[in-house]
Amino acid sequence: MEEIVTSFGGYITHYGYGALFGLFFLGILGMPLPEETLLVFSGFLVSTGQLKLVPTFIACFLGSISAMTSAYWIGRTLGFSFIERYGKKLGLGYSLYKKTEGWFNKVGKWALPLGYFIPGVRQFTAYFAGITRLPFPTFMLYTYSGGLFWSVLFVTLGWQLGERWDEVFNLIARNLAIFFVAVFALIAAWSFWRMRRAQSKPKRGNHT
C-alpha cells in the first residue's frame, strides 16, 4: 500500500480529478494499475479533505466507463472485422467463437457488471462484448450500472475507513472477487441448465 501512496498519492493530490479520470481510463484499457486500491485511496483522500466526495465519484466513474466504451468500440470495429475476415483461415476457433457470441449476448452480458469486481477480468469484458457485437444499449445498461456501483462502493469504503483503509482493504477486495466469481458461475450454470432443458423438449409439429 505504501507503494501506491508513493506512486500515485502526490499525482492525484496535485492534478486532482483529472488524474483520477486518466488513471481509471488507462487502467481499464489494460495498463497494469491497481484500480480498486486507487478507488479506496481516493476515498481516503476524501476523508482527509484533499478531495470532495461527489467529484471523486464522478471522475472515477467517468474514467472507467469511458475506457469500457472505448474498448467496446475497438472490439466491435477492429476485433470483429479481423475475426470475420481471418478467423477461418488462421484457425482461430471460429466455430467456438460463433457459439460464444450467442452465449455472451444471452448470459455473458452479466460479466460486464460483475467483472468490475474481478481483477484481470474487467479489462477484457468490454473488448469481448464489442467483438461479439453485443447491442450497444445492452452494453451501456450493464456496464454503466456496474461501473457506478463499483465506484461508489470502493470510494465510500475508503472514505469511511479513513486511516484504516489499508488494514482491511485486501481482505474485503479478495472476498468480493470470490463472491462475484461465484455469482457469475451460478448464472452460467443456470443458463446452461435452461439451454439443455430447452434442447431436450420435443419440438412442436414433430408429432404424427
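Guide: Gladly. An axis here is a line fitted to C-alpha atoms, for helices over the stretch in contact, and angles run from 0 to 180 degrees between N-to-C directions. Helices (H or I, at least four residues) and strands (E, at least two) are DSSP runs numbered from the N terminus. What you see is a predicted model, in which local features need pLDDT of at least 70 and side-chain atom pairs count only at pLDDT 80 or more, while totals for chains, interfaces and linings use all residues. Residues are numbered from 1 along each chain as its sequence is written, and side-chain values use heavy atoms, with hydrogens and water left out.

Let's begin with the crossing itself. The axes of helix 3 and helix 8 come within 6 Å and cross at roughly 50°. The two helices are therefore oblique to each other; angles under 35 degrees count as roughly parallel, over 145 as roughly antiparallel, 65 to 115 as roughly perpendicular, and the rest as oblique. On the helix 3 side, the contact (heavy atoms within 4.5 Å) is made by E35, E36, L39, V40, G43, F44, V46 and S47. Helix 8 answers with W150, S151, F154, V155, L157, G158 and W159.

Now take helix 3 alone. Its 13 residues reach 19 Å from the first C-alpha to the last, close to the 18 Å expected at 1.5 Å a residue; the expected span is 1.5 Å times one less than the number of residues. Helix 3 is largely enclosed by the rest of the structure, because 12 of its 13 residues are buried. Buried means under 20% relative accessible area, exposed over 50%, and partly exposed in between (1.4 Å probe, protein chains only). The buried set is E35, E36, T37, L38, L39, V40, F41, S42, G43, F44, L45 and V46. After helix 3 comes G49, with a positive phi near 90°.

Buried along helix 8 are F139, Y142, T143, G146, G147, W150, S151, F154, V155, L157, G158 and L161. T143 sits in helix 8 and is buried, with a relative accessible area of 0%. Beyond its neighbours within four places in sequence, T143 is in contact with M68, L112 and Y116. Both ends of helix 8 have something to show. In the loop between helix 7 and helix 8 you will find R133, a residue that has a positive phi of about 60° although it is not a glycine. R133 is partly exposed, at a relative accessible area of 33%. Just after helix 8, G162 also takes a positive phi of about 60°.

L53, placed in helix 4, is in contact with V46, V155 and W159, leaving aside its neighbours within four places in sequence. L53 and V155 are 102 residues apart along the chain, yet their C-alpha atoms are separated by 8.3 Å. L53 is partly exposed, with a relative accessible area of 22%.

Stepping back, a nonpolar core is a set of buried Ala, Val, Leu, Ile, Met, Phe, Trp, Tyr and Cys residues joined through side-chain atoms within 4.5 Å. The largest such core has 37 residues, and I12, F139 and W150 touch the most other members. Helix 1 (2-15), helix 2 (17-29), helix 3 (35-47), helix 4 (53-90), helix 7 (122-131) and helix 8 (136-161) each supply at least two of its residues. Helix 4 gives the most, with 9 residues. Apart from neighbours within four places in sequence, I12 is in contact with A19, L20, L23, L38, F41, L45 and L51.

As for the whole chain, it has 9 helices and 0 strands. Of its 208 residues, 42% count as buried. Among contacts between residues at least 6 apart in sequence, 79% join residues at least 24 apart.
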